[in-house]
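Reader: I am new to this structure. Please pick one part and take me through it closely, then show me what lies around it.

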Amino acid sequence: MWKTFFVICEFLSYLIPNRKKQLYIREHMLFDWKNKYKSLKSGCPNLQFKHVKIIRGGWNIGFIVDNKYVFKIAKFYDETKTINKVTREKRITDAFRNAVKIKVPKIVIIKTPKFVFYRYDFIAGKNLNHLPARIIKRYCNRFASEIAQFIYAVHNTTPAEINDLKVSDGDGWNHNDICNNMIVDTKSHKIVGIIDWEYAGYGTLETEFNNCVRFSSRLRKSDILDSIKSEYQKLQHK
């Protein structure tokens, strides 16, 4: 859907007589997506780019290529800031990949002629907070158990290799954006991946719990948070 939107808006921008407004729309409202896409294609000649989907999140936009890879890049590109941000996320995901049962993306930094992207394997499924309310309710206990196990593993693991990234007070590591990034296999109804660790950091357990439902009224109405906390308590008492 987003690719069609960007293509149409890009075309319409050329109909605006004012050159500065054209550039503003393409660079600031469409995030210079076309130049980024062209650079990505030239930098990855081994990929076919037969099926490309554009996604957009907080600070970045992404290209899902042939349902194989996800490439992400800052909406407003600054090479130094981008490399620092991506390097930080890579270090964190590398540190936690073997600590949790749910798949954590393996980030690869990709340099193209004009831009720096980061890439990870595409995880097929649907975002938990986009599932129908009836499905969330039906599998609430399963989801809650899987989320609680994930939080417990991350929050109670202290990888020495990222100690320097503890820049705030807290009692453990958090993903900090779980609500938007739980990928569910729509056949098995299991959480198969948790993506987008750019906001991960050291913080409080209560903050992590709240972030499980913070950005989704559908999840808040499901009462899944109470179930997550209950499942977490079980893990503490084992």
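**A sheet and its surroundings**

Author: Helices (H or I, at least four residues) and strands (E, at least two) are DSSP runs, numbered from the N terminus. The model is predicted, so local features need pLDDT of at least 70 and side-chain atom pairs count only at pLDDT 80 or more, while totals for chains, interfaces and linings use all residues. Residues are numbered from 1 along each chain as its sequence is written, and side-chain values use heavy atoms, with hydrogens and water left out.

Two bridges link strand 6 and strand 8, in the antiparallel sense. Two strands pair if DSSP finds at least two bridges between them. Strands of a sheet pair through backbone hydrogen bonds, either parallel or antiparallel. Here three strands make an open sheet, ordered 6-8-9, with antiparallel pairing. Strand 6 and strand 9 are its edges, each pairing on one side only.

Now step back to Gly125. Gly125 sits in the loop between strand 5 (116–121) and strand 6 (126–127). Gly125 counts as partly exposed because its relative accessibility is 47%; buried means under 20% relative accessible area, exposed over 50%, partly exposed in between (1.4 Å probe, protein chains only). Beyond its neighbours within four places in sequence, Gly125 is in contact with Ile183 and Val184, where contact means heavy atoms within 4.5 Å. Gly125 and Val184 are 59 residues apart in sequence. In space, their C-alpha atoms are 5.1 Å apart.

Next, the helix across this sheet. Helix 6 lies across strand 8 and strand 9 and runs at about 35° to strand 9. Axes are lines fitted to C-alpha atoms, for helices over the stretch in contact, and angles run from 0 to 180 degrees between N-to-C directions. Helix 6 has 16 residues, which should span 22 Å at 1.5 Å a residue; its end C-alpha atoms are 22 Å apart, so the two agree. The expected span is 1.5 Å times one less than the number of residues. Buried residues of helix 6 include Phe143, Ile147, Phe150 and Ile151.

The largest nonpolar core has 42 residues. Such a core is a set of buried Ala, Val, Leu, Ile, Met, Phe, Trp, Tyr and Cys residues joined through side-chain atoms within 4.5 Å. Helix 6 gives the largest share, nine residues. Strand 8 (182–185) and strand 9 (190–194) are among the elements that each supply at least two. Leu128 is one of the residues with the most contacts inside this core. Leaving aside neighbours within four places in sequence, Leu128 is in contact with Ile136, Phe143, Ile147, Met182, Val184 and Leu219.

Five strands form an open sheet in the order 1-2-3-5-4, with antiparallel pairing. Strand 1 (52–56) and strand 4 (108–111) are its edges, each pairing on one side only. Its neighbouring strands are turned by 30° against each other on average, direction ignored. Helix 4 lies across strand 3, strand 4 and strand 5, at about 25° to strand 5. Thr93 belongs to helix 4 (residues 79–96). With a relative accessible area of 1%, Thr93 is buried. Not counting residues up to four places away in sequence, Thr93 touches Val104, Pro105, Ile107 and Trp197. Trp197 is also one of the residues with the most contacts inside the largest core.
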